[in-house]
Amino acid sequence: MRVCVIGTGYVGLVTGACLAYIGHDVICVDNNEEKVKLMKSGQSPIHEPGLPEILTESIRQGKIEFTTDIATGVKHGEVLFIAVGTPSLADGRSDMRYVEAVARSIGESLTDGYRVIVNKSTVPIGSGDWVRMIVLDGMAGQSNDQIEFDVVSNPEFLREGVAVYDTFNPDRIVVGSDSDRALQLMQELYTPIIDRSFAENKTLAPVPVVVTDLNSAEMIKYAANAFLATKISFVNEIANICDRVGADVKEVARGIGLDSRIGSKFLQAGIGWGGSCFGKDVSALIYTAADYGYSTEILKACVRVNELQRILVVEKLQQALKILKGKTIGLLGMTFKPDTDDMRDAPALTLIDQLSRLGARVKAYDPLVSQSGLRQGFSNVIVETDLERLADGCDAVVLVTDWQEFLAIDYAKMLRLMHHPVIIDARNFLDGKALKALGYQYIGIGR
Ligand code: NAD
Ligand code: UDX
């Protein structure tokens, strides 16, 4: 099938590359010329394991192209994916300006034939009908009897760091539409994924496809992220009680997670959730509910617990070191989770902000973040290029991101370089007993 993906970020590029890899003819559109230049040369502008290989192979097979010209993409695609960002506005609502601009350009670029316009971006409930209206607005002035289109909601559930795996091995595919014609095309598009031709385990039953109305599909995306974020906030609250009563939250999570009604995933207590999705999506849902006169008590508590969880790490440092002014704190990891270069809403940013406000000197090391990679204005952290320089003279080290390579650090050597032997394991990731045996003051979360 002929596919156009508009917006080549973490979702759009992975979607475009994976659809090309399974045999579709894909044109990816982005208005960022630098990105398009990079992708044309076969390079990925984001760090995502497995993506460079898929991209290279799809380019070699002539299955994927890149352009800044949306009209070229719209002319080409029978299915047009909108995959641009929907970040939070200052008040927590979704900023829909990128989706609006793309929907309008699609309308202006449609010339003939039938198109399925797919909302892949996470958009507030009701956006499907709104996109239809904007596309029609864009078409205004054209003789448009030759043009037909349907709008479909097809929310994305991939996780950064394992996005390619998630695309080929989804738990489900959600499609919201009231058009049989559109649903049939979507079914055809995803057949190689549904029938597990590209799955790690090809013997599994086909991927469930949830066919529903537009509004329910949009709501499924928000409800899924809100549930996952709430599950983490819940276990973090349990961790904070564990800290007080002397229980170990890792044992508690294991014990409750074995109950199949609860499940073991997303029960890792720590510094709390971050990233580009959970915060913005939970807050967008809170505002949607408020628009309809409903006050979401659980969701507000979920956000509040997460805010406090980040501050808790600062409090643990204060308990260990007393005065933070003039102390040097080293952060192990900065990205919001491992295997990604994404710093959006990373807990490390809150730590840097709070610690520097309290007069501490903050150093950090991350396998994928350099000083120049930090967002502008973030000058109150020194990004070190190796672990020895990070440890040198530190009064405490905080493990912020659970990068696998941090398990292999020579902690004895690190201890010798540090000024004080304090380590806060903000992901409960390290072997606390072994670190204590080396002479560290090891402090976890809820253990
Ligand atoms: P992103 O910021 O990484 O990428 C968006 C891309 O769109 C950028 O490359 C930008 O240049 C491009 N763009 C913006 N306006 C454009 C225009 N007018 N024409 C062409 N290109 C344009 O965003 P993302 O993280 O990939 O998220 C995209 C959407 O998917 C969001 O709604 C997000 O909530 C949702 N989502 C994200 C994830 C995730 O893990 N990142 C997972 C599921 C859903
Ligand atoms: C999330 C959703 O999982 C995904 O379905 C959606 O499409 C996009 O948002 P992502 O943000 O990539 O994916 O990462 P995820 O693995 O969900 O982790 C989010 C945050 O929660 C990270 O900061 C992670 O460290 C934290 N987390 C996760 C915990 O603190 N504890 C856990 O048990 C799991």
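**View 1. The shell around ligand 1, sorted by residue class.** By class, nine nonpolar, 10 polar and seven charged residues make up the shell around ligand 1. Please keep in mind as you browse these views that the model is predicted. In total, 26 residues surround ligand 1, and the closest are Asp30, Lys35, Thr86, Glu160 and Lys280. Both domain 1 (2-212) and domain 2 (225-447) contribute, each giving at least three residues to the shell around ligand 1.

**View 2. Polar contacts of ligand 1.** Let us zoom in on some individual atom pairs. In the side chain of aspartate 30, a polar atom lies 2.6 Å from an oxygen atom of ligand 1. The side chain of lysine 35 also places an N or O atom 2.6 Å from an oxygen atom of ligand 1. Valine 11 takes part through its backbone, with a polar atom 2.9 Å from an oxygen atom of the ligand. On its own, ligand 1 has 840 Å² of accessible area, and the protein covers 88% of it.

View 3. Now for the second ligand. Around ligand 2 there are 20 residues, with Phe157, Leu158, Glu160, Phe336 and Arg427 coming nearest. This shell divides into 10 nonpolar, four polar and six charged residues. Helix α9 (residues 214-245) supplies the largest share, four residues. Domain 1 (2-212) and domain 2 (225-447) each provide at least three residues of the shell around ligand 2.

**View 4. Residues annotated as "binding site" in UniProt.** The unreviewed UniProt entry gives this annotation to a set of residues including Phe157, Leu158, Arg159, Glu160, Lys221, Gly274 and Lys337. The annotated set is spread over 181 residues of sequence and also in space, with up to 24.4 Å between C-alpha atoms. From this set, Lys221 belongs to the lining of the largest cavity. Arginine 159 can be found in the loop between β6 (147-153) and α7 (163-168).

Note on methods:
Residues numbered from 1 in each chain as written. Chains lettered and ligands numbered in written order. Predicted model: local features only at pLDDT ≥ 70, side-chain atom pairs only at ≥ 80, totals over all residues. Heavy atoms only, no water. Near = heavy atom within 4 Å. Helix = DSSP H or I, 4+ residues; strand = E, 2+ residues; numbered from the N terminus. Nonpolar A, V, L, I, M, F, W, Y, C, P; charged D, E, K, R; others polar. Domains from an automatic or database assignment. UniProt positions renumbered as here; feature names shortened; annotations may be inferred. 1 Å grid on protein atoms, 1.4 Å probe; cavity = no way out; pocket = protein on both sides within 12 Å on 5 of 7 lines; lining within 4 Å. Polar contact = N/O pair within 3.5 Å; in protein donor to acceptor, adjacent residues only side chain to side chain. Areas by Shrake-Rupley, 256 points an atom, 1.4 Å probe, with all protein chains shown as cover.
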